[in-house]
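Please open the structure in your viewer and keep the selection panel handy.

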Amino acid sequence: MSENNADVLEALQGSVGEVSMHATADEIVAVGRSRRRRRSLAGVAGGAAGVTALALAMAYGGASSAPPDAADSATLGAVHIHEVGYTVDTKADGTIHVTWDKQRYFQDRAALEAALRQAGMPVVMRVGEFCVGPGDDATLDPSGVGPGVDKVMKGESTGPDKVTFVFTPSAVPAGKQLFIGYLNSAQLAVTQGRPGSVERLVSTGVTLTCTTTAPPAHK
Amino acid sequence: VEQLEFGEFYRSGQAACLRAVLASVGDRQLAEDLVAEAFARAWMSWAKVRGHPAPYGWVVRTALNVRTSWWRRRRRETVLDGALEVQDTTAGDTVLDPVLLAALRRLPRRQREVVVFRVFLDLDTRATAKVLGIAEGTVAVHLARALATLRQHLVARRVLEVES
């Protein structure tokens, strides 16, 4: 580069201060490794990358397959939270991908709720209470999942201690939100002592009616 | 071993890559997202990237390509929405000369990319040509034109400063 341009080059060099990435190398590797694994699984499965309904199935070690991969969203307001125990990433297709250490999923509910809300997922979580709004469909399938939940929340076990969820905020009907009710220790009989939860769609902007009566025994 | 190697690669070059991308996009959070995405892709293709003649150039090029896709998508969505609103989320403490960087971003894409690779990433002409897939002579031409335009901008600014 010509010395005549020294002043322009100096001005350019000085136009951006010292910066550093917040993400660590381990976090970058974790994301890349996860994608490698999913890509590999998708290849083995011949591209049949359907997802299984989650609910309590993952607590029972339910069958799983790789979730559909999607490019990370780089839009303004995109959420990419990579903690040791969990990751939350908004994707370009509008979904939210969450990987979670299973124990943390049930023990660190506040963090999950905050991360999902930050990512744009309307969700309300309770422990030991199972709520519905006026006119909401209160039925549950044998796995503790209400009607329509499969459209907004899918997931599967992706390892001995890991679970992956795909949330789709755009699939939540207008005026509804996802309710997740975790069983407390006294209610775990229905899951033979394993961590469990109930998911259903409930109305927003209304007073929810809640019960502490555990749902029917899960199958 | 592979992970240790990549970790060192990331730690050594992440700041320069972020700086280069930030100069190009002007938004700290967006730049971080793009660079993180590019490094994740580098890890996924590490066997190829580690042998690249300019691996950090590969990362920045990937980040800017992701940005291009994002911008095209956003522009389509904006047209559909019937509204244009570009948020200014520039991080004030890292972008020290936003006016000059705005001038940089107004350059034609190739000129801007050449400046990013040659000036901010400090790649030589050959490596820049390799990363961008253009001739070395073309790199030199783009750089000369870009610097000439930016010089005019600096001169105009100095005149205004003197007059005021």
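Start by selecting B:Glu113 and B:Arg61: these two form a salt bridge, with their closest N and O atoms 3.1 Å apart. A salt bridge here is a side-chain nitrogen of Lys or Arg within 4 Å of a carboxyl oxygen of Asp or Glu. The pair joins distant parts of the chain, since B:Glu113 sits in helix H6 (residues 109-120) of chain B and B:Arg61 in helix H4 (residues 55-81) of chain B, 52 residues apart. Helices are DSSP runs (H or I, at least four residues), numbered from the N terminus. Over all chains, the structure holds eleven salt bridges.

A word on what you are viewing: this is a predicted model, in which local features need pLDDT of at least 70 and side-chain atom pairs count only at pLDDT 80 or more, while totals for chains, interfaces and linings use all residues. Residues are numbered from 1 along each chain as its sequence is written, chains are lettered from A and ligands numbered from 1 in the order in which they are written, and side-chain values use heavy atoms, with hydrogens and water left out.

Next, stay in chain B and colour helix H1 (residues 2-25) and helix H5 (residues 98-105). They pack at an angle of about 80° with their axes 7 Å apart; axes are lines fitted to C-alpha atoms over the stretch in contact, and angles run from 0 to 180 degrees between N-to-C directions. H1(B) and H5(B) are therefore roughly perpendicular to each other, a label for angles of 65 to 115 degrees. Show the side chains of B:Ala23, B:Ser24 and B:Val25 from H1(B), then B:Leu101, B:Leu104 and B:Arg105 from H5(B), which make the contact (heavy atoms within 4.5 Å).

Now bring in chain A. Which helix of chain B does H1(A) cross at roughly 85°? The partner is H6(B), and the two axes come within 11 Å. That makes H1(A) roughly perpendicular to H6(B). Select A:Leu9, A:Leu12 and A:Gln13 in H1(A), and you will find them meeting B:Val115, B:Val119 and B:Phe120 in H6(B).

Finally, zoom out to the whole interface. The contact takes 37 residues from chain A and 48 residues from chain B. Together the chains bury about 4,000 Å², 60% of it on carbon and sulfur atoms; buried area is the accessible area (1.4 Å probe) that two parts lose on being put together, summed over both. One salt bridge is found across this interface: select B:Arg151 and A:Asp7, whose side chains meet at 3.1 Å, N to O. To finish, highlight helix H1 (6-13) and helix H2 (25-44) of chain A, each of which supplies at least two residues of the side that touches chain B. The largest share of that side, ten residues, comes from H2(A).

Methods:
Parallel < 35°, antiparallel > 145°, perpendicular 65-115°, else oblique.
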